[in-house]
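Please keep the sequence and the structure in view while reading.

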Amino acid sequence: MSFCEIEAWCGELVPEDSFYARMNRYGDEWFRDEDFAGIYKDSNLGRPNVPPSLLARALILQNYADCPDRELVARIKFDLRYKKALGVSINYAGFHPSLLSHFRARLILNEKESLIFEKSIETALNSGCLKKDEVQALDSMPVKGAAALQDTYTLLRTQIQKILREVRRQLKSWPKKTPHNFSYPFSWEKYLAEGNTGKPDIPWDDKGAKRKYLGELVSDARALMGAVRESKLYEQESVKDALELLERLLGQDIDEDGPDGPKIKKGGEDRVLSTNDPEMRHARKSKSKLIKGYKAHVHTSEKEIVTEIDITSANVHDKEPVEGMLERQRARGVEPKRLYGDCHYGDAEFRAIMEEKGIEVVAKMPVTSSSKSTLFGKRDFELSPALDQVTCPAQVTTSEYRLRKDEKGRECRAFSFSKKFCGGCSLRANCLAQNHSRRWVRLHHHEDQLQKALRQNAQPGFREDFKRRLVVERVQARLQSYGLRQARYFGARRIKLQALFTAAANNFWRITQLIAEASRAGPPPDLAGVGV
């Protein structure tokens with residue numbers, strides 16, 4: 001052992017069952033330079049690169065410790081735990097923090113952002129920590145966006161500034177012999193001159209001043225949009241994208257038909273919140289919990305290994321990305337036969353889609369109506385197993401029905417009881433409104449799935465079996481402690497890279513822990529040859 005080797009300094013100060021010691025022990029097998037060969041060009045020019053395997057290990061550490069780039073590099077330089085995790089010598093001086101940004105950019109540009117995560121799934125399968133058809137639990141969790149939320153005035157002003165900057169940049173690179181036929185509809189200094197880039201100094205408690213300023217913003221935005229569209233600059237993709245965002249901002253926030261000029265209108269759930277990160281959205285996880293930014297959708301095995309993770313805007317429904325996530329799992333050799341989820345995954349349509357894929361959904365039925373009506377609901381009526389007869393609470397059975405269309409245009413059966421029975425029924429007051437002469441019961445397009453779900457929820461052992469979904473909440477809590485509760489970057493794709501490395505850190509910890517538990521009485525576990 002040389003004087004500079006890390007073991008000569010830290011000895012047993014870093015516990016063998018710690019994350020850092022396990023990365024030192026297994027890191028060479030998990031992270032190899034040849035896996036990243038495709039993202040670098042073959043060249044002998046310039047100074048030697050920091051090995052990509054070391055940068056990948058550093059990003060895993062970053063997401064485990066939840067620290068920014070500069071802090072991570074400082075810890076690598078001065079912290080013995082980090083030196084041991086990376087397998088570097090005591091005098092290793094680290095590297096420039098910008099290398100981490102460049103490495104992340106290379107992964108995204110070469111579509112290799114999921115490489116380390118996929119290696120963790122491969123290792124879990126080959127080591128027996130994950131079975132191909134293992135039961136999985138799924139859920140979503142909020143990820144707060146990194147961009148500051150902007151009000152309507154700021155959204156319009158900053159987007160006008162972005163367009164003006166892009167126009168100036170395009171004009172500077174425009175061929176001199178080719179006319180650009182663009183003329184400023186107002187002086188660019190109005191928005192870009194020093195001192196004019198922030199909010200104007202107006203009395204913001206004066207409604208008249210605010211209305212006047214809003215009118216100026218809308219007028220300038222319309223004039224700029226018209227000037228750009230009439231010019232050849234509109235053919236430039238960057239200018240066109242910026243202009244389309246400005247038009248969307250006007251449509252979502254501005255009502256221009258008022259008698260007193262433009263006014264701010266209430267935005268919907270698909271409202272853009274920031275010009276710095278236009279993919280951020282508002283949504284509600286519950287009545288008391290507002291999400292500002294994104295959602296992380298997590299699938300996990302019963303042994304707390306993340307099998308798939310995805311990032312969407314906050315207003316995307318929990319079940320929307322599930323099919324794509326299952327397809328990516330299947331490509332890696334993982335095909336769950338049962339999924340546990342909360343009531344967001346319990347509706348009939350989702351169950352029908354999963355059944356076609358050979359997957360059983362175990363979830364509580366969602367509450368479909370908040371009506372305070374005291375009249376009998378559909379669940380008070382008894383349906384025959386073949387769904388061809390309906391029996392009312394007064395024990396009258398009907399098989400008469402008509403085909404109706406639901407809100408999605410799909411055919412469904414609507415059963416009716418005769419006026420004769422309903423008119424003289426003793427339960428009429430509890431079943432029919434005063435202006436109705438007969439009772440109709442409309443079945444769902446996937447009524448068979450609804451009935452299966454009701455029977456499933458009524459089984460004696462369902463409540464205890466349903467607790468198996470809680471594993472995903474434990475994993476989500478760990479991912480949040482690793483830093484996934486807050487996005488570090490702008491845009492869903494970059495945030496997904498953060499999520500993938502965070503999930504890989506979770507999987508590295510769990511796989512090494514499971515292998516250690518299985519071989520605690522024997523020699524230290526060895527992942528060599530496991531398949532990574």
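Is Lys 119 buried or exposed? In this predicted model, Lys 119 has a relative accessibility of 14% and therefore counts as buried, since the cut-off for that word is under 20%. Its salt-bridge partner is Asp 35, with a distance of 3.6 Å from N to O, and Asp 35 is buried as well, at a relative accessible area of 18%. The two residues come from distant parts of the chain, 84 residues apart: Lys 119 belongs to helix H7 (residues 115–127), whereas Asp 35 sits in the loop between helix H2 (19–30) and helix H3 (52–65).

A second salt bridge joins the side chains of Lys 357 and Glu 323, at 3.7 Å from N to O. Because Lys 357 lies in the loop between helix H13 (348–356) and strand E8 (360–362), while Glu 323 lies in helix H12 (residues 322–331), this pair ties together parts that are 34 residues apart in sequence. Lys 357 is partly exposed, at 27% relative accessibility, and Glu 323 is partly exposed too, at 35%.

| Salt bridge | N to O distance |
|---|---|
| Lys 119 and Asp 35 | 3.6 Å |
| Lys 357 and Glu 323 | 3.7 Å |
| Glu 473 and Arg 469 | 3.0 Å |

Salt bridges can also share partners, and in this way Glu 118, Glu 308, Asp 310, Arg 328, Arg 332 and Lys 496 are joined into one network. The model's count comes to 45 salt bridges.

Notes
Residues numbered from 1 in each chain as written. Predicted model: local features only at pLDDT ≥ 70, side-chain atom pairs only at ≥ 80, totals over all residues. Heavy atoms only, no water. Salt bridge = Lys/Arg side-chain N within 4 Å of Asp/Glu carboxyl O. Helix = DSSP H or I, 4+ residues; strand = E, 2+ residues; numbered from the N terminus. Buried < 20%, exposed > 50% of the residue type's maximum accessible area, 1.4 Å probe, protein only.
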